[in-house]
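Me: I'd like to learn how to read helix packing in a model. Could you walk me through one?

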Amino acid sequence: MPTLPLTLRLFRYVAFAEACSWTGLLIGMYFKYVAATGDLGVKIFGPVHGALFVLYLVALLGAARQARWSLGTLIVGLVCAVPPLATLWFERRMFTRREPATA
């Protein structure tokens, strides 16, 4: 199997990290709002998730350019940045459909 270009590998890592930060933020929100035991999780994962969200958008644009994704695919990737863990679905979908590149 050929090695993916750096831009696409970075996109995969960032999509995974963004989903992990969503999970941390959701757990933090549970403890803050449901269990009412404190907001430390939100204070930690809020900024981390915000930074990874922005990094995901940048990595998505780079990956879309590198892989020559259509505008529609790019829009789906942008929309998947909003619901929790949807970046995992999008990343899996794009890389299971990807044919081996000669790049």
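Predicted model: local features only at pLDDT ≥ 70, side-chain atom pairs only at ≥ 80, totals over all residues.

Me: How many helices and strands does the protein chain have?

Reply: Helices (H or I, at least four residues) and strands (E, at least two) are DSSP runs, numbered from the N terminus. Here there are 4 helices and 0 strands, so the pattern along the sequence reads α-α-α-α. The C-alpha trace spans about 55 × 25 × 20 Å along its principal axes.

Me: Now the packing. How do α1 and α4 sit against each other?

Reply: Two packed helices are described by the angle between their axes and the distance between the axes. Axes are lines fitted to C-alpha atoms, for helices over the stretch in contact, and angles run from 0 to 180 degrees between N-to-C directions. Helix α1 (residues 6–34) packs on α4 at about 155 degrees, the axes being 8 Å apart. That makes α1 and α4 roughly antiparallel (angles over 145 degrees count as such).

Me: Which residues of α1 and α4 meet?

Reply: Contact means heavy atoms within 4.5 Å. On the α1 side, those involved include Phe11, Arg12 and Glu18, and on the α4 side Phe90, Glu91 and Arg92 are among them. By class, this contact has 8 nonpolar, 1 polar and 4 charged residues (Ala, Val, Leu, Ile, Met, Phe, Trp, Tyr, Cys and Pro are nonpolar, Asp, Glu, Lys and Arg charged, and the others, Gly among them, polar).

Me: And what about α3 and α4: at what angle do they cross?

Reply: The axes of α3 (residues 71–79) and α4 (residues 86–97) cross at roughly 150 degrees and come within 9 Å. So α3 and α4 are roughly antiparallel too. Thr73, Val76 and Gly77 of α3 touch Trp89, Phe90 and Met94 of α4. That contact has 4 nonpolar, 2 polar and no charged residues.

Conventions: Residues numbered from 1 in each chain as written. Heavy atoms only, no water. Parallel < 35°, antiparallel > 145°, perpendicular 65-115°, else oblique.
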